[in-house]
Amino acid sequence: MATNTQIPVADRRAPVMEPGHTFVTIGEKVSNIVLKRPISLGWVLGFFIMFSLMNMLLFALGYLFLKGTGIWGINIPVGWGFAIINFVWWIGIGHAGTLISAILCLLRQTWRNSINRFAEAMTLFAVACAGVFPLVHTGRPWLAYWMFPYPNTMNYWPNFRSPLIWDVFAVSTYFTISLVFWFVGLIPDFATMRDRAEHPLTRGIYGILAMGWRGSARHWHRYETAYLLLAGLATPLVLSVHTVVSFDFAISIVPGWHTTIFPPYFVAGAIYSGFAMVLCLAIPIRAIYGLEDFITMRHLENSGKVMLATGLIVAYGYGIEAFMGWYSGNQFDSMLLWNRLHGPYSFWYLSLLATNIVIPQLLWMKKFRTSTFWLWVISLVVLVGMWLERFIIIVVSLHRDFLNSSWGMYYPTKWDWMTYTGTIGMFLTAMWLFVRILPMVSISELRTLLPEAHVHEAEEVKQ
Amino acid sequence: MSESSVYGLMAEFDSAQELIAAAHRTHDAGYYKIDAFSPFPIEGLAEAIGFHKNRVPFVVLVGGIIGGLSGYLLQYYVAAITYPTNIGGRPYHSWPSFMIVTFEMTILFAGLSAVFGMLALNGLPMPYHPVFNVPEFKKASENGFFLVVFSTDPKYDDARTREFLKGLAPRLISEVPS
C-alpha cells in the first residue's frame, strides 16, 4: 500500500539529480568549473564591484577606529543600532548552511548533497561578516580579546553570567565547527581536484589540501563516523547559537525583548532568512555555471517549502508578541504594541508584516515554488523582511524608554550604511572567489547518489 | 622481509559491487593485511576487509567530556574563587548561568576531536604513499576501485597471491613498489 501511494508522488517531483551521469561526469562537471573554465568578463566585473564595496567597508571601519562610534546613528536611548541589527541578520543567514549540512544529513535527506557545500561556504562567510559588528561595536576593538578568559596582569576575568560573553563562546564555537565541518567535507574532493589538475602548481596546492587522501576503506569508515558525529554535534550547536543571540535581548527587561518566545522565534527566523539567501545565491549560480543537473527544481522547491514553514513559525512569533502585549495588561507591553502599529516607525513595521508574512504566502502555490524568477524575488523580499524584523526589535523597543524624558529617535548615518553594504561586499567577494577556487558541489557525496554506488549485500551472501 | 622492495599487489575492479565481493573473498581466503580504495564511501567495505576497531566515537566522547568539564570548571574558578563579583545578587556559584558556555565548550572540544582524531587515526596528512606509485591509482578519486594485498601479510607470496587475485577477475593487476 505504502509503495503504491509513493510512486506517483515521486514521479511528480523533479529528480535530485538529472539522469545520465556517471562517477566521471560528476567529477568532470564540478571540477572543470574550477580547473578548465576561463575567467569571464562578467566574473571580473562582478568581482571588481564587490571588492570595491569591501574596500568601502575597510574605509568606514578605518574612520570608525579614528573617531569612535559617535559617527554612527546610535545614541541614548538607542544604544544598539545597525551594528547589532546586522550582526543578528548575518548570523541568522548562516544558520541555513548548518541546517542543510547537519540536520538534513541526520534526517537522511539526500537532496542536501548537492547544495550543502556552497550553503556551508555561505555560513562561514556570513558568520565572518556577523563577527565584524560586535567587534567594532565595542568601541575599542583592539581590546576585544579582553572578552576571552585568559590569565592577565590586570587580574581581570570576564563575567560568565552575561549573555554577551555567552555570545562570544557561541559564535566562536559556531565559526570553528562550521569551518572544520566544511573542510572535512572538502578533503575527498581535494583529492579529486589533485588528480584532475594538469598544472603542477594547482596539483600541488590541492595535493597539500587533500593531505594525501587516498580513499582507503579504513579511512572512509572513520571519515564517515567523524562526519556523522560532527553533524550530530552541529545540530544542537546551530539551534543554540541563535538561542544565545536571542538571550542578549530576552535576559534584559526591555519591553518587546523580555519574552520566552524569543529563542524558538529567533531560530526559525534565522533558518527563514538563511534559506532565502541560499535561494538567492543558488538560482543565479546554477544558471551561470550550468549546474541545473545537480541543483534541480527539487532543491529549489524544497527550499521554498522550508521557507514557507519557518516563515509561518515567525508569523506565529509576531502573533504571540501582539497577543501578549494585549493579554499581559502590562502598560509598557501594550504601549510597545501600539507604538509598533502607530508610532514613528509604523511604516517599517507594516512593511515587515508585508515582506515577512504576506508576500511569502505565495509559496503555497506550486506555480511560484517552481518558478526560479519568483523564488528569487520572494527570497530577496524575505531577506529584506528579516532585516526589518531585527530593526523593529532593536530600534522600536529602545527608542521609547520607560520614562518619557528618555525617549528618542534613531537615524542611521552614512557610515552605518557604508558598513552594512560593505559587509555585503565582503560576503559576495568571498563567494565570488569560492566558486572559482573550490568545488562548489560535493563531488564524493553526489557520487553516492548514483545507483552504481550502492552494493547489494544480499547477492553477496549467495556467492 | 626479503620482499621489502614490493609494497603489495594491487587489483583494479570495475564497480563497487565487484570490489566488495573481491574484498570478501580475499579476506575469506586468509589474507588479513589488505586494504580497499574507492572514490566514495561504500557501505560494508570496511567490514569486508576486516576493519572493526573504529576508535573515532571514543575520541569524540573523551573530547566532549574534557571540553564540558574544563568549561564548567573554568567558570567556577573564575566566578567563585579567583574573581568573585556580585552580579544582581546571584550566588557566586550560579550554575544555571554557566550552562551555555559549558555546552559550547563541549561541542567545540568534541567537534575538534572528531576532526583531528579522524585525521590522526587515519595517519593523515601523509603526502607520500606507495600506492600513488601505480599510475592507474589516479582513478581512485574518480571511478577506480582497488584492492591491495600487502606484502607484509604472512600468506603473501608474489606468484601465488597474483594467481589468487587473477581468480577474482580484476581489470588489471599491478605490483606496488615500496
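**Entry 1: confidence**

I began with the scores. The model has an ipTM of 0.91 and a pTM of 0.89. For chain A I noted an average pLDDT of 88, with 96% of the residues at 70 or above. Residues 1-9 of chain A have a pLDDT below 50. I looked for contacts of this stretch beyond near neighbours in sequence and found 0 in the model. Where pLDDT is low, the predicted coordinates should not be read in detail. For chain B the mean pLDDT is 86, and 98% of the residues score at least 70.

**Entry 2: helices α5 and α6 of chain A**

I then looked up how two helices of chain A are placed. Helix α5(A) covers residues 116-137 and helix α6(A) covers residues 163-196. Their axes come within 10 Å and cross at roughly 150°. An angle over 145 degrees counts as roughly antiparallel, so α5(A) is roughly antiparallel to α6(A). I also wrote down that this crossing is left-handed.

Which residues make the contact of α5(A) with α6(A)? On the α5(A) side I listed Arg117(A), Glu120(A), Ala121(A), Thr123(A), Leu124(A), Val127(A) and Gly131(A). On the α6(A) side I listed Val171(A), Tyr174(A), Phe175(A), Ser178(A), Leu179(A), Phe181(A), Trp182(A) and Gly185(A). By class, this contact has 9 nonpolar, 4 polar and 2 charged residues.

**Entry 3: helices α2 and α6 of chain A**

Helix α6(A) also packs with helix α2(A), residues 23-35. I noted an angle of about 70° and axes 10 Å apart. Angles of 65 to 115 degrees count as roughly perpendicular, so α2(A) is roughly perpendicular to α6(A). From α2(A), the contact has Gly27(A), Ser31(A), Val34(A) and Leu35(A). From α6(A), it has Thr192(A), Met193(A) and Arg196(A). The residues of this contact divide into 3 nonpolar, 3 polar and 1 charged.

**Entry 4: where the chains touch**

I turned to the two chains together. I found 61 residues of chain B in contact with 52 residues of chain A. On the chain B side, the elements that give two or more residues are α1 (16-28), β2 (34-37), α2 (45-48), α3 (56-82) and α4 (95-121). Which element of chain B gives the most to this side? It is α4(B), with 15 residues. Sorted by class, the side of chain B that touches chain A has 39 nonpolar, 16 polar and 6 charged residues.

**Entry 5: domains of chain B**

I looked up how chain B is divided. Domain 1 takes in 6-53 + 129-177, and domain 2 takes in 56-121. The C-alpha centres of these two domains of chain B lie 44 Å apart.

**Entry 6: backbone details in loops**

Last, I went through the loops. Ile76(A) and Pro77(A) are joined by a cis peptide bond, with omega about 20°. I placed Pro77(A) in the loop between α3 (41-67) and α4 (82-106) of chain A. In chain B, a cis peptide bond joins Leu124(B) and Pro125(B), with omega about 0°. Pro125(B) is in the loop between α4 and β3 (145-150) of chain B.

I also noted Asn155(A), a residue other than glycine with a positive phi, near 55°.

Note on methods
Residues are numbered from 1 along each chain as its sequence is written. Chains are lettered from A and ligands numbered from 1 in the order in which they are written. This is a predicted model: local features need pLDDT of at least 70, side-chain atom pairs count only at pLDDT 80 or more; totals for chains, interfaces and linings use all residues. Axes are lines fitted to C-alpha atoms, for helices over the stretch in contact, and angles run from 0 to 180 degrees between N-to-C directions. Helices (H or I, at least four residues) and strands (E, at least two) are DSSP runs, numbered from the N terminus. Angles under 35 degrees count as roughly parallel, over 145 as roughly antiparallel, 65 to 115 as roughly perpendicular and the rest as oblique. A crossing is left-handed if the near helix is turned anticlockwise from the far one by less than a right angle, and right-handed if clockwise. Two residues are in contact if their C-beta atoms, placed from the backbone, lie within 7 Å. Ala, Val, Leu, Ile, Met, Phe, Trp, Tyr, Cys and Pro count as nonpolar, Asp, Glu, Lys and Arg as charged, and the others, Gly among them, as polar. pLDDT is the predictor's confidence in each residue, from 0 to 100. Domain bounds come from an automatic or database domain assignment.
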